[in-house]
Amino acid sequence: MINEVLGGRYQLGEMIGTGGMADVYIAQDTRLARKVAIKVLRSDLARDQSFVARFRKEALAAAGLNHPGIVAVYDSGEEPAPYIVMELISGHTLRELIHKGERVPLKRALEIGEGILAALEYSHQRGIVHRDIKPANIMITDQGDVKVMDFGIARALADLGATLTNTWNIVGTAQYLSPEQALGEVADLRSDIYSTGCLLYEVLTGKPPFTGETPVSIAYQHVSGVLNAPSSIQPDLPEGIDVILAVALAKKPEDRYQSAGLMLDDLYKIGAGQVLTTTMPKAKFSRRKLLIGGISALTSVLLISLGLFLTRPSVSPSGFPQIPNVVGLTQSDAQAMLKDYVVTIQHSHDAVIPINRVASQIPLATTRAQKGSGVVITISDGPGDAIVPADLIGMPLIDARAALSAVGLVVSRTEAISSDQPLGTVLKVTPDPGSTITAGSGVVLQIASGEIEVPLLIGTDAIQAKTILVQAGFLVNVLDDYDANQPEGIVIRQAPDAGTTQTIGKSVTITVNKAP
């Protein structure tokens, strides 16, 4: 598209960024003689008229936001493809800063949080919720200013049905997802506050508040995981930081800050060395509710993402049928089920879905849509390639697993080696860091040896048992059996027995009660 002129005035220059939903170009506004950034929507999204209509509306709303902390939207158009014209920022994203691995000084971290919250307070007062606050959507200018971007696109995508199961930046999004978003519930301004809390937690400590080997496990942590106090990771943080993040990351929206301005005020107090009057939320979640919430999140996400059920169209009172679930089907079978819609085919690598099967669909299954509207299905090209991360050596085993999972790789075996390094520290990686291998492949890790006690898991919910084992440094092997005298979904046997010692990194087998 280089040198193409959009809207009769914007001459495209070089591409400066690309993502799952759009490509970004530098352009010259020939009418006002200034450089701008233009985000051109993906062709498959452009063919969905319901999305284009929603995108147009949200672009107009975003254009009405006039705040120094928000990347300005100047214009939008639809020919030859939908696009938005934005302020051109010279700088880098917060994602790039985080990935450098350098700890951000407290004063600068607070400034970043203050910049984001000031922008959100302004947008929330005008009825616009971002819904996708994450490091990739935060710009740091060359002058050090903080700017939030992509307000309109985030909301338009949410209304289209882009959720955790979508292929767009799935892992990155999951790390900043509010519990209500993970459960498929409505996101409001308090969801933005939760996501900002996740982001600020990572900037201050160097780690996201919740991690997991897959987006599903991360979602479970957001819904029911226990938040580690930031000071337990960075003991030199002010005491008030623990309070601010405990409130921002409360599981229930009503326990969080009820406006971005309230959280912003507390950050200002921390920066000024003042004592906070805000108190930590009381624990209102019972263990049973936590487990039910976690299971609900995992179940809904797994069913959609793995295509374990098919929904036949049923007519709603409005007359619009539900789009059937075609994930996991062949292209021909999927097109047969979607015969009432205009189907667009695209291809992408996928480490889970077998080659030549549908890996994802937009809109999602069970979405109600008019016959004749567009549906985009992505056909798996197989796993593709992945690069073994370069910084695994020296990591704790649990962090190394998460890093490998993030690039589509797994730990196939661990080897315990005598070492003076801390227990569970990765000493060697095979294949070597930086190697290019097939996504989904296994990596062998040599770790500092050590024997730890196997916890008691019998009678524990299966999901909780897996979490306990992974956090302790064990691999998990799951078997199914059925005992009519015991509740379903709990562990009824384990090997080795509780109280015995096992080398860190080895497998523990749990047998889960499951009806045949």
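**Exercise 1.** Classify Arg 34 by accessibility: buried, exposed or partly exposed?

*Solution.* Start with the cut-offs: buried means under 20% relative accessible area, exposed over 50%, partly exposed in between (1.4 Å probe, protein chains only). Arg 34 has 30% relative accessibility, so Arg 34 counts as partly exposed. This is a predicted model: local features need pLDDT of at least 70, side-chain atom pairs count only at pLDDT 80 or more, and totals for chains, interfaces and linings use all residues. Residues are numbered from 1 along each chain as its sequence is written, and side-chain values use heavy atoms, without hydrogens and water.

**Exercise 2.** Find the salt-bridge partner of Arg 34 and classify that partner.

*Solution.* A salt bridge puts a side-chain nitrogen of Lys or Arg within 4 Å of a carboxyl oxygen of Asp or Glu. Arg 34 pairs with Asp 29, at 3.8 Å from N to O. Asp 29 has 0% relative accessibility, so Asp 29 counts as buried.

**Exercise 3.** State which parts of the chain the salt bridge of Lys 39 and Asp 150 ties together.

*Solution.* First, the distance: the closest N and O atoms of Lys 39 and Asp 150 are 2.9 Å apart. Next, the places: Lys 39 sits in strand S4 (residues 34-41), and Asp 150 in the loop between strand S9 (146-148) and helix H5 (151-160). Helices (H or I, at least four residues) and strands (E, at least two) are DSSP runs, numbered from the N terminus. The pair therefore ties together parts that are 111 residues apart in sequence. Last, accessibility: Lys 39 is buried at 7%, and Asp 150 is buried at 9%.
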